[in-house]
Amino acid sequence: MSRRNGLARPPVEQTPHAPTGLATLLDMQTLILRDIAAGHPAAALAERLCGLAEQHAPGRAASLMRTRPDGRLGVLAAPAVPGPLRAALDGLQPGPAAGSCGVAIYTGAPALVEDAQTDPRWDDLRDLATAYQIRSCWSHPIRQGERVLGTFALTGPDRALPDAATRRMLDHCTAIAGSILLLAELQEERERQDRRLRRVTGFNAMLAQANQLAANRPDRAALYEGICRIAVQHGGVRLAWVGAPDPTQQFQVFAAAGATGFLAQVFVTADPALPEGRGLSGIAWRDARTIVRQRFAPDTMLGPWLEAARSFGLGAGAAMPLLLRGQPVAVLHVYADEEGVLDAELVALLEKLAGTVGRALDALDQERRYDRLAGLHAALLAEGEVLLEAQSDAEMLRRTCERLADGGLFHLAWVARPDGEGVLRRLAGAGPGVSDIVQMRLTLADTPPSIAARCWLAGEMVFHNHLPDDPGLARFFEVFRVTGWHSVIAVPIHRGQALFAVLALGSREPDLFDGELTALCERIGQLLGRGLDAFDLKETLERERGRQFQLARHDPLTGLPNRLQFEEHLGHALARSRRQGRPLAVCLLDIDDFKPVNDSFGHAAGDTLLRQAAARLREGLRRSDLIARLGGDEFVLAIEDLGTATVLPALLDRMNEALSRPFDLGEGRMARIGLSMGVAIAPDDGEEPDLLMRRADAALYAAKARKATRTENWRRWTPEITQADAPAPGLTDAYGPEAARLLANAAALWPGIIDAFIAEFYRDLAQQPAAARVLGVLSAAEMHKLRATQTRHLLHLVTPVLDREAVERAAEPIGRTHALVGVDGALMVQAAGLLQTSLGEHLATRPLRPIERQNLMAVIALRLQDDSAAQMQAHTRTLAAFFDHLLRRLPSADAPWADVVQGELDALAALPGMRGCGLMQPDAEGRFQVLASSSGFGLTFDRVRAATGLTPAIAPDRPEGRGLTASAWQSGEVQTAANFLEDPAPLRGVRWPAASACEAQPRCP
């Protein structure tokens, strides 16, 4: 039989095969281990192992199978096994009759089958054995401790058992296969973490885009369409759609993006009586809560859509209700292309996305309600138009007053806010009575206060329908007589949730302000506040966008482009140079004698000199040239349209002349500096940006080294420049000897740089609400310890001799702690980015060569990437432990209550970060007693009681009745102490061993 249809092989001329000896086995191991060390894919190594085994066992087919998470076997490599047979064996369920490999996994021992046609261990696979002429099959389990990773097997068409030499080879191959399977797990885990980090980054980008979309206030259809598009484009989900049930309870699709063909093939309803109504959509709609399922499977709620999901590559899915005034109006669905990837962090981001849509819906609904309300009164009809058309806040206030006064209803429309002396100053006004109210000079100190002052002082709407009849306003009677005012209302205007101004409306009509009109006026004030907030938000976004763009591409000191913008420009410039066939020069500049300026006059004077030098250099350039600051006193210049390289000296001399004139540093201080330059010209000296930069740096280094004897202050790169003058190429190994050398050379810099970063980091972190909530519960001592711990961790990261494993070990407890205190993954990723940016900014001020600084940043970036990935992995594992606990199977109803309680307390205490759990109940005297507890909790409770003389009790008038336990019992609500040691309540500030947080929950009997 041919190889295509079975394991039998056509006869070939062969020399007798010598038994496999120890040297041969060691050679095989050396080959595989070398490939493992080289980082080859595990699947390729498995194929190679099988091929080597087959060379030493002619006529037999080698296979390496691995145990999948579902317990079945999957084929990792079997190069000599026919494709249909491999497909049939993939997914094999281990058992006592599941063939040699299935039996080896089932028993945990080698399964050496002499004849598969008759051996009962092959009963379940007899048809395959017959069809493919399988007779002998020898399979060894691959173990790691108690785990069975998979099997290694040799299969042949003849009846036989392995001889001693073949047994040795099998043992040896099995050991090597174990290393390969462990490598496969490691590679898959790294790939999974990489995918997860990309997904988290994508979800955060999705959320940012969604917030921007919502800020633009699109209509509902555009909002739904935009959210689906953003989820697919930026969040990387396979399918996103928004829908709601119609009167028949069938879901109708409002918007969709991605694999939308899935929706055309499925039926979704909100009817709980139907299977299609008990999926994600139906439950999310009925219960108004997020529903997540990690996979489509026949035995889950997603079973009705399994086949369609497979056709369109859908994995995990989630449905979030979109709420308007607390009620669902639609459901947002997202589906990933992988199973099991929607972890707690990603779901939290999706819920934030749904919250963003809900807030946008609320905003849209509010606008509609404002429009309807404005329609009740013609005088106020145009207010929405004013808000939309105004180009500034001053214009908005002015036009609002004009519209309100023009309608004839109001004699006065006036917006004012108190100045530093408490005098109400006009911001805008309209109507015949404006001049009269300005002449009144209203202040907050008036006794009795005016209507406008009362509104400001109370922060609430105030109105009066009979001004001339109020004796408290007697001092204004003459004004009322002249103006004819009878009714007035003052409405607060809030901007950014703070009181900003007062809108006062006066009328000659008495009893004007009834319930409907006062509500309308209050709405106008709110609408003005929202309009002002919209202006502020728009201006903030524009400023932030401009600031981020400026910071990302410009040097903050000189305003020149930075390295990032220069590198972007250089790539385009080189492309133009190649198209036009004209040379391009890259010139690195270094200011001579800059350090004495700093030493003599101080860093402020040095900054002044750098700004002036940058301005002079920029003024001497043509429009086609670009100069950038790399950091410190180093600049880089790209010179295009040279025509020929012969014109370069004149250009460089002009730059030298620009800096040779004295610099006025103020206060009578003058300074002179020099300039050293290194030049590389494309295409003669290279055509790649990195190569040109390195060669220009080498030329600069050579020019500076010969500063005392040189006749020109610049030098062009030539091949004669020694290797010692040439910088090393970019680094990719963050743990190798070159990385260690760079870090060691910069060792003296790290303490100062890291201390500066820590100060900046925590100052900025305190401005972020999510981080401030965590930091706000720390005492001064704990805050000091936190900063010291982070400083040690960062210093550890820049230790010259370090390996990736040490980085990951140090990062694990940090990731676990972040998960426990509620720091989400997005903030962790943001912190890593801030650190990298800050270190780069501080390194830019240090006396380093540009290439050395670039390589240092590359090393730091790679180490930070490993550190961040390890923290995220520990963060995920910690959260997974809690969710696994929540999703575990509940005890059976007939289990003894005491056993159930004890098991639950022990399980809770075993979770990451937990120190102990106890179940307490008040006795007849109201004192709480421990009914059950995890190990050590009861003893600790007794020690605290003995040390303090206090026992939690139902006694609100006594100290022991105001702790967590008593408060939870009395209120029927969860009570928490974010920092147990710092909480001022009795029994909370007691120093419990190793405890810093506590939660008490009431339990109904």
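Predicted model: local features only at pLDDT ≥ 70, side-chain atom pairs only at ≥ 80, totals over all residues.
As a general point, the strands of a sheet pair through backbone hydrogen bonds, either parallel or antiparallel.

Strand 16 (residues 584–592) and strand 21 (residues 674–682) run antiparallel and are joined by nine bridges. Within this pair, Asp590 stands opposite Ser676 of strand 21.

Another open sheet is formed by five strands in the order 12-11-15-14-13, with antiparallel pairing. Its edge strands are strand 12 (424–430) and strand 13 (462–464), each of which pairs on one side only. Neighbouring strands in this sheet are turned by 20° against each other on average, direction ignored.

Five bridges pair strand 11 (residues 412–418) with strand 15 (residues 498–507) in the antiparallel sense. Here Val415 stands opposite Leu503, a residue of strand 15. Helix 13 (residues 393–406) packs on this sheet and touches strand 11, strand 12, strand 14 (487–495) and strand 15. Between the direction of helix 13 and that of strand 12 the angle is about 60°.

## Helix 15 and its cover

Helix 15 spans residues 451–458, and its buried residues are Ile451, Ala452, Ala453, Cys455 and Trp456. The cover over these buried residues includes strand 11, strand 12, strand 13, strand 14 and strand 15; these strands make up the antiparallel sheet described above. Just after helix 15, Gly459 takes a positive phi of about 70°.

In soluble globular proteins, nonpolar side chains tend to be buried together. The largest nonpolar core in this model has 43 residues, and Leu322, Leu342 and Leu350 have the most contacts inside it. Two or more residues come from each of the following elements: helix 6 (164–215), helix 7 (220–233), strand 6 (239–245), strand 7 (251–258), strand 9 (317–324), strand 10 (327–335) and helix 11 (344–374). Helix 11 gives the most to this core, with 10 residues.

Leu350 illustrates how the contacts are made: leaving aside residues up to four places away in sequence, Leu350 touches Phe203, Met206, Ala318, Met320, Val334 and Leu342. A second, separate core holds 33 residues, among them Leu560, Ile591, Leu621 and Leu675.

## The chain as a whole

The protein chain contains 32 helices and 26 strands. Of its 1005 residues, 47% are buried. Among contacts with a separation of 6 or more, 60% are between residues 24 or more positions apart. The accessible surface of the chain comes to about 48900 Å², and carbon and sulfur atoms account for 53% of this surface.

Notes
Residues numbered from 1 in each chain as written. Heavy atoms only, no water. Pairing = 2+ DSSP bridges. Helix = DSSP H or I, 4+ residues; strand = E, 2+ residues; numbered from the N terminus. Buried < 20%, exposed > 50% of the residue type's maximum accessible area, 1.4 Å probe, protein only. Contact = heavy atoms within 4.5 Å. Areas by Shrake-Rupley, 256 points an atom, 1.4 Å probe, with all protein chains shown as cover. Axes fitted to C-alpha atoms, helices over the stretch in contact; angles between N-to-C directions. Core = buried A, V, L, I, M, F, W, Y, C linked by side-chain atoms within 4.5 Å.
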